[in-house]
Amino acid sequence: MGYPLAVSMSVSSTASHPPSIASDDLELRPWDEPLLQQLAQWGERGFPYHAFDLGHLRDPMRARVELRRAREAGPHLHFIACEGDTAVGRVSVNLHDRAGLYLWAVHVPPEHEGRGVCRRMLATLMDWLEVEHPGPDFVLTTNAFAVRAHRSYQALGFKVVETRWHYDRPLAEELWRVPREQRKLIDQHLRFHNGRWEVRTHLMARSRG
Ligand SMILES: CC(C)(COP(=O)(O)OP(=O)(O)OC[C@H]1O[C@@H](n2cnc3c(N)ncnc32)[C@H](O)[C@@H]1OP(=O)(O)O)[C@@H](O)C(=O)NCCC(=O)NCCS
């Protein structure tokens with residue numbers, strides 16, 4: 001995986017909060033109020049990545065709901081990747097998906113992109129999961145147009161195991177609103193089928209080890 005890891009559980013971890021996981025140059029921490037405040041200020045990309053944008057966290061009510069959701073006990077663990085005290089990315093994992101350990105909400109804001117944050121945070125998380133949740137393979141789904149993400153995933157050993165048309169509701173709804181020129185950017189990955197927009201989506205998987 002390219003670099004050594006020192007995985008450590010923070011003493012404050014509980015059943016309802018994920019642990020803090022440290023590697024050499026990055027730490028995955030559970031969501032908390034100060035980190036959420038940083039996420040609320042992250043740069044946004046807009047269409048077609050608008051579903052990842054976090055500007056809604058500036059609304060105190062929505063921030064409270066999201067914080068509660070991110071910290072509640074359940075199959076999902078939600079992490080914020082930090083360099084020192086700076087939030088530079090986020091990632092979640094569903095520990096109980098039938099397909100495997102399902103990585104999702106992989107997001108690095110524009111101001112921190114292109115420095116390998118995505119790769120480093122996923123590598124850190126997967127190394128920890130291999131120890132703490134042995135068994136299933138790693139899986140994720142990704143829209144066919146997200147080519148930067150694919151480069152990170154491929155570098156980590158993920159391979160496309162299936163490609164299918166998928167109804168992605170936030171994307172489908174936005175497709176009715178965006179100007180035609182914007183839609184053209186991802187046209188080759190779209191189809192209009194049975195009265196709704198669908199996007200070509202890859203299921204990617206990586207074996208353990
Ligand atoms: C996809 C995403 C997580 C990548 O994060 P990142 O930390 O920049 O990833 P990396 O630094 O590992 O870079 C990944 C690839 O994108 C390229 N890249 C990243 N930023 C770039 C930029 N501004 N210009 C050109 N290339 C860029 C990198 O060079 C790398 O490609 P390479 O391996 O050929 O060098 C981030 O761009 C993002 O959050 N995008 C929007 C949400 C999204 O698409 N999430 C994934 C959904 S499946």
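**View 1. Contacts and overall form of the protein chain.** Among contacts in the protein chain between residues at least 6 apart in sequence, 64% join residues at least 24 apart, where two residues are in contact if their C-beta atoms, placed from the backbone, lie within 7 Å. This is a predicted model, in which local features need pLDDT of at least 70 and side-chain atom pairs count only at pLDDT 80 or more, while totals for chains, interfaces and linings use all residues. Residues are numbered from 1 along each chain as its sequence is written. The C-alpha atoms of the protein chain fill a box of roughly 50 × 40 × 30 Å along the principal axes.

View 2. The protein chain has 6 helices and 9 strands, which are DSSP runs numbered from the N terminus (helices: H or I, at least four residues; strands: E, at least two). Buried residues of α3 include V117, C118, W128 and L129, a residue being buried if 20 or more other C-beta atoms, placed from the backbone, lie within 10 Å of its own. Among the elements that cover these buried residues are β3 (76-83), β4 (86-97) and α4 (147-155).

**View 3. The shell around the ligand.** Of the 20 residues around the ligand, E113, G114, C118, T142 and R148 come nearest; a residue counts as near if its C-beta atom, placed from the backbone, lies within 6 Å of the molecule. At least two residues of this shell come from each of β5, α3 and α4, and α4 gives the most, with 5 residues.

Conventions:
Buried ≥ 20, exposed ≤ 12 C-beta atoms within 10 Å, placed from the backbone.
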